[in-house]
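Subject: Structure handover

Hello,

Here is the structure I said I would pass on. My notes follow below it.

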Amino acid sequence: MEKEHKYFSKFLSYTLRHHPEKIGLTLDNKGWANVSDLITKMNTPDAALTMEILETIVASNDKKRFAFNDDKTKIRASQGHSIPIDLDLQPVTPPAILYHGTAQQNLESIQANGLLKQSRQHVHLSATTETAIQVGSRHGKVVVLVVQTGQMHKAGYTFYLSDNHVWLTDHVPVEYIEK
Ligand code: HQG
């Protein structure tokens, strides 16, 4: 069961954030997919997705990556998209400091250009060093950067908090970054 959940959780991230078209799924402009359509299209002879599995993934996913609408007829990823969708995010005042976990090999470029959103819709920032370490470790030898988000906010930069509590912004200029 665990294995099946992990498989579908990854498949959902890929589909709902990056490539819905790969299984012939369409998302609306807010990133919502129709649940019954998704279940039909994700089903393969080897792995059967059911509403029950989907409900378990939404409820137990470690980062709460996915959310249903009120009547559970639609599902979407709460953040991390590379496709342009409108998550209806409202600007929120950030704490004085947030963290960004990255890999050693990115430092030179970050020192030259600041933090860029790359293929995603936002730069992702973490509230704790623990989370930043997890995020950065995915890319190589981890480095945790300290971002002066309070100062950025005072200077007029906008921050958002996704439904699953990931801090998002458009760009972090290098003068607000400390190693
Ligand atoms: C780096 C996961 C060179 C940046 C996580 C990162 C997060 C630069 C990589 C979410 C750069 C992009 C996002 C620059 C930024 N030069 N490298 N100027 N600016 N970078 O995966 O933040 O588990 O798109 O440091 O938990 O690692 O999928 O972003 O290393 O919340 O739910 O470019 O993805 O969420 O990598 O991770 P990513 P990220 P899930």
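Which atom of the ligand is 2.7 Å from an N or O atom in the side chain of His139? An oxygen atom of the ligand is at that distance from His139. Please keep in mind throughout that this is a predicted model.

The ligand

In the side chain of Ser109, an N or O atom is 2.5 Å from a nitrogen atom of the ligand. In the side chain of Gln118, an N or O atom is 3.2 Å from an oxygen atom of the ligand. The ligand taken alone exposes 780 Å², and the protein buries 88% of that area. As for its location, the ligand sits in the largest pocket.

Two elements give two or more residues to the shell around the ligand: strand β4, residues 98-103, and helix α4, residues 107-113. Helix α4 gives the most, with 3 residues. There are 19 residues around the ligand in total, and the ones that come nearest are Lys63, His100, Thr102, Ser109 and His139. By type, the residues of this shell divide into 10 polar, 5 charged and 4 nonpolar.

His100 in strand β4

Among those nearest residues is His100, which lies in strand β4. Is His100 buried or exposed? His100 is buried, because its relative accessible area is 13% and the cut-off for buried is under 20%. The side chain of His100 also reaches the backbone oxygen of His124, at 2.9 Å.

Ile110 in helix α4

Ile110 lies in helix α4. Its relative accessibility is 11%, so Ile110 counts as buried. Between Ile110 and Ile75 there are 35 residues in sequence, and their C-alpha atoms are 34 Å apart in space.

Asn164 and Ser78

Asn164 is found in the loop between β7 (160-161) and β8 (167-169). With a relative accessibility of 11%, Asn164 also counts as buried, because the value is under 20%. How far apart are the C-alpha atoms of Asn164 and Ser78? They are separated by 6.4 Å, while the two residues are 86 apart along the chain.

Two residues with positive phi

Most residues other than glycine have a negative phi. Two residues to look at with that in mind are Lys72 and Asp88.

- Lys72 is not a glycine, yet has a positive phi of about 60 degrees. Lys72 is placed in the loop between β2 (66-68) and β3 (74-77). Its relative accessibility is 37%, so Lys72 counts as partly exposed.
- Asp88, a residue other than glycine, has a positive phi near 60 degrees. Asp88 is placed in the loop between β3 and β4. Its relative accessibility is 40%, so Asp88 counts as partly exposed.

Regards

Note on methods. Residues numbered from 1 in each chain as written. Predicted model: local features only at pLDDT ≥ 70, side-chain atom pairs only at ≥ 80, totals over all residues. Heavy atoms only, no water. Near = heavy atom within 4 Å. Polar contact = N/O pair within 3.5 Å; in protein donor to acceptor, adjacent residues only side chain to side chain. Areas by Shrake-Rupley, 256 points an atom, 1.4 Å probe, with all protein chains shown as cover. 1 Å grid on protein atoms, 1.4 Å probe; cavity = no way out; pocket = protein on both sides within 12 Å on 5 of 7 lines; lining within 4 Å. Sits in = over half its atoms within 2 Å of the grid points. Helix = DSSP H or I, 4+ residues; strand = E, 2+ residues; numbered from the N terminus. Nonpolar A, V, L, I, M, F, W, Y, C, P; charged D, E, K, R; others polar. Buried < 20%, exposed > 50% of the residue type's maximum accessible area, 1.4 Å probe, protein only.
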